[in-house]
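Here's a quick walk through the charged contacts and ring pairs in this one. Have a look at the model first, then read on.

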Amino acid sequence: CNNIPTKTPAIKPKNKCPFRFIPNHNAIKICICSFIYNTLYCIYNKSRLSFYYFLYNKTTYHVSYSNDFLLYNLNMNMNTKRNIIGFWGYPEPGLIKKYKNTYPNAKWVDLDVDFNYPKTAVLPDSYCKIVKNIMDNALHLKDEFIMILAPIGKDKCDSGWFAAALLKDMGFNVETSIYECQEKNSEPTISESSLPLKRKFEIITDAIVNPYDNSKLEKSKAKFGFWGVPPNDLSIFDLFPDETHIFGWTRCVEMGCPANLELEMYVDPDIPTVFYSQSFCSKAQLAKYLADKYNGLYIDVDDYATKSTKAKIEAFIKLR
């Protein structure tokens, strides 16, 4: 009897959770369960699953999945800070309205713009800078996208079509858009106003998503013309006087018909015009032809304009 313990020894409870030493283990368990479920889903449906496909670029390794369903669900579980809707060109207005209503607090980002994010090696070195911007921006912001609206018709270009296909294959949530309306929906009030040229371009491109009240703008008497798409190097605009009118694709955008080729080829024959083309862009055909036809200045810029290119523009403006 003396050997009977006076106290019952404490029973150490079994650790039923293998994640108890990992912070926020519930979230990790959710991710693991989602991973297992989605993997089984892909196998069951015999979908093409290219798991751990590494796309190398100069700054990072981007893990991508061929199956959109798997990537979207895994990313949504691991990142709840998606608040960006990316786009390029001029998406169909109905789609813009739809997603502005669906995601009223989303930030809209024009992927055509050079934000100086790390450069990737997805596309060839000798390629359209604007399309390279699209790829660089998309890969840098990949964890913040709700979705990307991607024009792929005559309202953009074949390179936009290819970019949409590549991003979709990498697992991005991409919705393509074709807006080939030929009807003019408004007047070129901003294009022909007395605002600084850079400001005109900013308003026109921003108005794709956020409508602008141009009722108070007055038409200026044109001294020069600028034909083309918004350039990668916006400093070019500083060389032009405020009385410069906009022609080409940007004018078509303001008038609500980005695929209207007849309007895109229109210029005022009575004013000296600079015809701008981004290097490796198919619109260079139009720019060069129209420059020869109207005795204008054709310029071709890859990334940023060189001093000699700017000197040509300045000389053209002063001498004409």
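## Salt bridges and ring pairs

Lys119 counts as partly exposed, at 33% relative accessibility (the scale: buried is under 20% relative accessible area, exposed is over 50%, partly exposed is in between, with a 1.4 Å probe and protein chains only). Before going further: this is a predicted model, where local features need pLDDT of at least 70 and side-chain atom pairs count only at pLDDT 80 or more, while totals for chains, interfaces and linings use all residues. Residues are numbered from 1 along each chain as its sequence is written, and side-chain values use heavy atoms, with hydrogens and water left out.

Lys119 has a charged partner: its side chain meets that of Asp114 in a salt bridge, 3.2 Å from N to O. The term means a side-chain nitrogen of Lys or Arg within 4 Å of a carboxyl oxygen of Asp or Glu. Across the whole structure, the search turns up 9 salt bridges.

Another joins Lys129 and Asp303, at 3.9 Å from N to O. Lys129 sits in helix 4 (residues 129-140) and Asp303 in the loop between strand 10 (297-301) and helix 10 (307-319), so this pair ties together parts 174 residues apart in sequence. Helices (H or I, at least four residues) and strands (E, at least two) are DSSP runs, numbered from the N terminus. Asp114, Lys119, Lys129 and Asp303 are all linked in a network of salt bridges.

Then there's Arg251 with Glu192, whose closest N and O atoms are 2.5 Å apart. Arg251 belongs to helix 7 (residues 249-254) and Glu192 to the loop between strand 6 (174-177) and helix 6 (197-206), so the bridge ties together parts 59 residues apart in sequence. Both Arg251 and Glu192 are buried.

Now the rings. The whole structure has 13 aromatic pairs; rings of Phe, Tyr and Trp (its six-membered ring) pair if their centres lie within 6.5 Å, with planes under 30 degrees apart counting as stacked, over 60 as edge-to-face and the rest as tilted. Phe145 and Phe172 make an edge-to-face pair, 6.1 Å centre to centre with 65 degrees between the planes. Phe201 and Phe237 have centres 4.4 Å apart and planes at 25 degrees, so that pair is stacked. Phe201 is in helix 6 and Phe237 in the loop between strand 7 (224-227) and strand 8 (244-247), 36 residues apart.

Here's how some of these residues sit:

| Residue | Relative accessible area |
|---|---|
| Asp114 | 14%, buried |
| Lys129 | 7%, buried |
| Asp303 | 31%, partly exposed |
| Phe201 | 3%, buried |
| Phe237 | 2%, buried |
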